Amino acid sequence: MMDFSYCMELAFREALKAFESREVPVGAVVLDGGGRVVGKGYNQVEALCDATAHAEMIALTSAMATLGTKYLQDCTLAVTMEPCPMCAGAIVNAKVGRVVFGAYDAKMGASGSVLNVTGCRPLNHQPEVFGGIMEGRCQGLLQDFFKELRKKG
């Protein structure tokens, strides 16, 4: 069994890159079945002026390019915030084997909080999902980011 705190620590490092770039601090990594990082990313919505440039999307695209496949069934996606509907749809389409996330998202979460796209039985794939891993640290980074944003007005 994979050490979830290890993969979340890697995702958290990506989130710090987003924070330093003044992006919403969400980071993601994809690990293959052997625990090797095959994809990583952090939010780049502002930098790329692209609403789809979420950490998960960048990490999934990177992993598929690295592995040369469109399916990631033997992989684990670790992300610091619960995936939104767009990212959850990409996770299902890529047939990701396991999703591990940190902070729950009460506004846009699509792995159980608001919607449950990743657990929707009529869809062709449902990954294993584990939420709340390193939740305090992940939530704290998001809160710090939005406090700073409000200060700058």
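Modeller: Helices are DSSP runs of H or I with at least four residues, strands are runs of E with at least two, and both are numbered from the N terminus. This is a predicted model, where local features need pLDDT of at least 70, side-chain atom pairs count only at pLDDT 80 or more, and totals for chains, interfaces and linings use all residues. Residues are numbered from 1 along each chain as its sequence is written, and side-chain values use heavy atoms, with hydrogens and water left out.

Biologist: How far apart are the end C-alpha atoms of residues 2-115?

Modeller: UniProt, in an unreviewed entry, lists residues 2-115 as "domain: CMP/dCMP-type deaminase". Such positions follow the numbering used here, feature names are shortened, and annotations may be inferred rather than shown by experiment. This stretch is 38% helix and 20% strand, and its end C-alpha atoms lie apart by 26 Å.

Biologist: Is Glu 56 buried or exposed?

Modeller: Buried means under 20% relative accessible area, exposed over 50%, and partly exposed in between (1.4 Å probe, protein chains only). Glu 56 has a relative accessible area of 3%. Because of that value, Glu 56 is buried.

Biologist: Which residues contact Glu 56, leaving aside neighbours within four places in sequence?

Modeller: Contact means heavy atoms within 4.5 Å. With the sequence neighbours set aside, the partners of Glu 56 are Ala 28, Leu 77, Val 79, Met 81, Pro 83, Cys 84 and Cys 87.

Biologist: How do α3 and α4 run relative to each other?

Modeller: Helix α3 (residues 55-67) and helix α4 (residues 85-93) pack at about 20°, with axes 9 Å apart. Axes are lines fitted to C-alpha atoms, for helices over the stretch in contact, and angles run from 0 to 180 degrees between N-to-C directions. Angles under 35 degrees count as roughly parallel, over 145 as roughly antiparallel, 65 to 115 as roughly perpendicular and the rest as oblique. Therefore α3 and α4 are roughly parallel.

Biologist: How many residues in the contact of α3 with α4 are charged?

Modeller: Glu 56, Met 57 and Leu 60 of α3 meet Met 86, Cys 87, Ala 90 and Ile 91 of α4. Six of these contact residues are nonpolar, none is polar, and the number charged is one.

Biologist: What covers the buried residues of α4?

Modeller: Cys 87, Ala 88, Ala 90, Ile 91 and Val 92 are buried in α4. Their cover includes α3, β3 (76-81) and β4 (98-103).

Biologist: What is the phi of Lys 95?

Modeller: Lys 95 follows α4 and lies in the loop between α4 and β4. Lys 95 is not a glycine, yet its phi is positive, at about 55°.

Biologist: How far is Gly 131 from Val 100 in space?

Modeller: Gly 131 lies in the loop between β5 (128-130) and α5 (135-152). Gly 131 touches Phe 101, Gly 102 and Tyr 104, leaving aside neighbours within four places in sequence. Gly 131 and Val 100 are 31 residues apart in sequence, but C-alpha to C-alpha they are apart by 5.8 Å.

Biologist: Which residues does Ser 113 touch, not counting those up to four places away in sequence?

Modeller: Ser 113 lies in the loop between β4 and β5. Ser 113 counts as partly exposed, because its relative accessibility is 34%. Beyond the excluded sequence neighbours, Ser 113 touches Glu 82, Tyr 104 and Asp 105.

How values were computed:
Nonpolar A, V, L, I, M, F, W, Y, C, P; charged D, E, K, R; others polar.
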